[in-house]
Amino acid sequence: MDVLNSVSTLSDEEPDNEDCIQHLVEGLNIRDLSESGTEFAVQVNEDAALEQQTSYKGPNLFHHLNLSCLGPAEDENNSDPAYDPTTDSPFTHLAKSMTNLTENGKVKKKILSEGYGEVVPENALVWFHYNSYTEDKDDPFDSSYLRGSIAMLRLNTGRCILGLDIGLSTMKCEEKADFLIHPDYAYGSLGVPPRIPSNATILMRVEMKKFVDNALAMKMGELTEEELKTTPFEEVHKAALSLLYSGNAEFSHKKYQVSAKLYRKALRMLENCDMKSDEDEEKNEKLRFKLYSNLGVCSNKMNRPKTAIVQCQNALRINPNAPKILYQLGLAHLNLSSFDEAKKYAFLARKFAPNNPDVSSLLQKIEKKMERYNSSVVSFAKNAFGFENNKSVKMIQSVENDQVSSPENKTSGRQKIIEIEDSQEEKSKNKAPSGDTSLSAETSLQNDREAEFQKEAVLYIQECFDDPTVREIPLPISLSYEEEKFFLTQALMYGLRKEERREDGRTQIFFVK
């Protein structure tokens with residue numbers, strides 16, 4: 001168990017469930033368990049326990065050994081007359097040179113290297129490195145240095161042991177200090193065997209790298225649009241940057257909805273602030289790009305592909321060649337089973353990041369999902385409706401999972417199939433003469449594209465309308481006049497209000513709830 005018992009590195013991978021399975025030495029009696037409780041023993045893999053106990057190896061370990069955990073040096077040049085080995089332990093000796101941070105003396109501190117600036121504010125977001133030791137062992141049982149990843153957490157949220165939380169709140173930027181933590185403020189009587197014994201006092205050597213106080217950001221988030229316009233840009237930018245860092249911290253704990261809320265609050269500030277120079281505009285745009293990007297990732301994590309597409313398109317307006325955004329767009333379209341669009345964006349992502357394994361993996365996922373989807377559609381068409389030809393199967397594909405076309409008009413998939421068949425039959429009566437087959441094929445293709453767009457537009461507006469986290473919907477770019485007209489009509493049917501804004505020298509249309 002790490003000292004940061006709730007902090008984990010940012011990863012898309014879920015833990016392997018088999019690693020979490022523990023086998024019992026003997027089976028349980030269910031009756032005893034339900035009536036009076038029972039005791040049981042868990043099988044322990046001694047090899048795995050030994051590996052866990054000596055998890056840090058290699059040449060880097062030498063630089064993080066702490067000999068003071070073994071007691072002061074005994075050679076004549078470094079002898080310490082204040083140390084009595086018959087009565088003092090290494091940690092009790094260290095405690096003599098430390099300052100109490102709590103009245104009961106159970107958390108002590110010694111500054112090794114002074115920092116600068118102000119002390120960490122209450123509830124700040126902090127980044128730090130640390131080594132953790134137990135008495136009589138000079139190698140750390142936990143180390144952010146040896147893991148190669150800086151630790152990050154928000155103070156006073158219970159995401160680390162209490163003694164560390166108290167210690168961090170007394171530090172300055174770039175300060176380095178030792179903290180001696182009593183078991184009551186660490187791991188208590190249980191410990192975390194085999195690395196941390198029961199009732200173990202912990203020595204932590206901590207180096208504060210940076211911190212962010214988002215109290216100003218939260219306060220600024222409550223300002224009106226007019227108040228934001230009169231606030232200096234530097235203050236707005238600093239507050240928005242703080243919210244970005246806070247959102248990233250929540251994301252690292254898989255709290256995607258909280259992250260998205262913080263990102264949107266930061267965007268609201270940046271979209272309504274007043275910029276006085278080209279430098280301000282450049283900083284604003286750069287930060288907005290990061291926020292749009294992160295919102296796109298969060299939306300995909302929350303299985304909201306339509307929202308992800310909206311946010312990624314906003315990011316692409318700032319940087320159209322960003323492979324991360326193109327990848328997320330491909331992933332969102334894949335989740336909607338829009339295979340052509342998914343492949344388009346995946347190939348674009350590979351163009352700008354040809355060696356990225358995630359992009360290659362996405363392309364493989366698209367191909368596999370296409371195969372499964374087409375196979376299931378053919379099977380469904382044959383079993384449910386007796387369809388055998390590809391034309392009828394295409395009709396099934398175009399309406400499968402079709403939802404509500406408007407809040408007042410719900411149409412089932414079966415009814416939609418009948419409507420499409422009737423529509424195609426009517427069109428066949430008025431089709432071009434048999435001698436002009438190319439014109440007939442072109443008209444049919446155009447009708448198919450029109451129907452597909454209308455279906456996608458309705459589903460897109462509906463999902464955004466149903467999503468309480470989405471406040472507005474931008475009109476997609478590069479639409480024809482007829483497509484814009486259809487999109488506008490559907491948005492108004494949902495009670496959305498049309499707004500026009502000037503962005504990047506052109507007019508952008510939004511539909512606001």
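**Stop one: a helix pair**

The crossing of H12 and H13 is left-handed, meaning that the near helix is turned anticlockwise from the far one by less than a right angle. Helices here are DSSP runs of H or I with at least four residues, strands are E runs of at least two, and both are numbered from the N terminus. You're looking at a predicted model, where local features need pLDDT of at least 70, side-chain atom pairs count only at pLDDT 80 or more, and totals for chains, interfaces and linings use all residues. Residues are numbered from 1 along each chain as its sequence is written, and side-chain values use heavy atoms, leaving out hydrogens and water.

Select residues 323-335 for H12 and 339-352 for H13: they pack at about 160°, axes 8 Å apart. Those axes are lines fitted to C-alpha atoms over the stretch in contact, with angles from 0 to 180 degrees between N-to-C directions. The two helices are therefore roughly antiparallel (angles over 145 degrees).

Now show side chains. In H12, pick residues including Leu326, Tyr327 and His333; they are part of the contact with H13, where Tyr345 and Phe352 are among the partners (contact: heavy atoms within 4.5 Å).

**Stop two: the S8-S9 loop**

Jump to Pro193 and Pro194, joined by a cis peptide bond with omega about 0°. Pro194 sits in the loop between S8 (176-181) and S9 (202-212). In that loop, also select Asn199, a non-glycine with a positive phi of about 55°.

**Stop three: Asn303**

Finish between H10 (278-301) and H11 (305-318), at Asn303 in the loop. Its phi is positive too, near 60°.

Methods:
Parallel < 35°, antiparallel > 145°, perpendicular 65-115°, else oblique.
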